[in-house]
Amino acid sequence: MTYFTKFPAIAAPFNGSIVLITDFLRRVGIGSTFQEVSSALMPYTIKEGERPEDVAYAFYGNPTYHWVVLLVNNIVNVYEEWPLDQTTLVEKVQEEYANPYATHHYIDSATGLVVDFSLDLGIVAVSNLEHEINLNDAKRNVRLLDKRYLDTFVRSFETLVSD
């Protein structure tokens with residue numbers, strides 16, 4: 001199933017006539033309770049350069065289930081919410097920061113908490129580049145729907161989105 005094939009069509013004006021278009025503004029999500037406590041979700045770490053289609057193919061045997069990977073993880077914008085490969089990340093940091101190696105913030109090495117600058121021992125500077133790498137690495141930890149529930153999940157999605 002491709003993601004948008006199950007969405008209903010709606011009539012919309014276009015160049016003085018009415019055309020049918022896919023209602024792509026519909027959004028179906030899974031409940032937060034399901035995400036937090038479900039044993040149907042398995043932890044997965046996204047590998048360097050891996051795309052949602054790659055994960056779907058590796059896990060479900062079909063790259064067209066990329067939308068399941070995204071939906072289960074509440075990822076709406078794959079360009080912002082999916083981890084970047086190392087080269088793209090470095091390019092992004094160089095574009096966003098005048099000095100990628102300048103201090104972004106400080107952390108207490110004992111607790112890992114962000115702190116104001118201090119001369120106390122144990123306070124560590126985190127550069128802009130390190131900060132962005134940490135944010136990117138956090139995006140690598142996702143959860144995947146157990147294959148046993150995939151067919152049921154897809155059927156439920158189809159029903160919800162077509163209503």
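**Close-up views of a predicted model**

**View A. F59, Y60 and Y65 form one aromatic cluster.** The model is predicted, and local features are taken at pLDDT of at least 70, side-chain atom pairs at pLDDT 80 or more, and totals for chains, interfaces and linings from all residues. Residues are numbered from 1 along each chain as its sequence is written, and side-chain values rest on heavy atoms, without hydrogens or water. In the whole structure, 4 aromatic pairs are found (Phe, Tyr or six-membered Trp rings with centres within 6.5 Å; stacked under 30 degrees between planes, edge-to-face over 60, otherwise tilted). The ring centres of F59 and Y60 are 5.1 Å apart and the planes meet at 85 degrees, so this pair is edge-to-face. F59 and Y60 are both buried (under 20% relative accessible area; exposed is over 50%, partly exposed in between; 1.4 Å probe, protein chains only).

**View B. W67 and F153 form a stacked aromatic pair.** The centres of the two rings are 6.3 Å apart, with 25 degrees between the planes.

**View C. The largest nonpolar core has 26 residues.** Such a core joins buried Ala, Val, Leu, Ile, Met, Phe, Trp, Tyr and Cys through side-chain atoms within 4.5 Å. Y60, Y65, W67, V68, W82, L144 and L145 touch the most other members. Strands β3 (41–45) and β7 (141–145) each supply at least two residues, and so do helices α2 (52–60), α3 (66–72) and α7 (150–162). Helix α3 gives the largest share, 6 residues. Across the 163 residues of the chain, 31% count as buried.

**View D. Strands β5, β4 and β6 form an open sheet in the order β5-β4-β6.** The pairing of these 3 strands is antiparallel (a pair needs at least two DSSP bridges). Strands β5 (114–115) and β6 (123–127) are the edges; each has a single partner strand, so one side of each is left without a neighbour in the sheet. Strand β4 (residues 103–108) is joined to β5 by 2 bridges, and the two run antiparallel. I107 has V114 in β5 as its bridge partner. In the chain as a whole there are 7 helices and 7 strands, and from the N terminus the elements follow the order β-β-α-β-α-α-α-α-β-β-β-α-β-α.

**View E. N15 has a positive phi although it is not a glycine.** The phi of N15 is about 50 degrees. N15 is found in the loop that lies between β1 (9–14) and β2 (17–22). The relative accessibility of N15 is 71%, and N15 therefore counts as exposed.

**View F. N74 likewise has a positive phi although it is not a glycine.** For N74 the phi is about 55 degrees. The loop between α3 and α4 (78–81) holds N74. With a relative accessible area of 44%, N74 is partly exposed.

Key:
Helix = DSSP H or I, 4+ residues; strand = E, 2+ residues; numbered from the N terminus.
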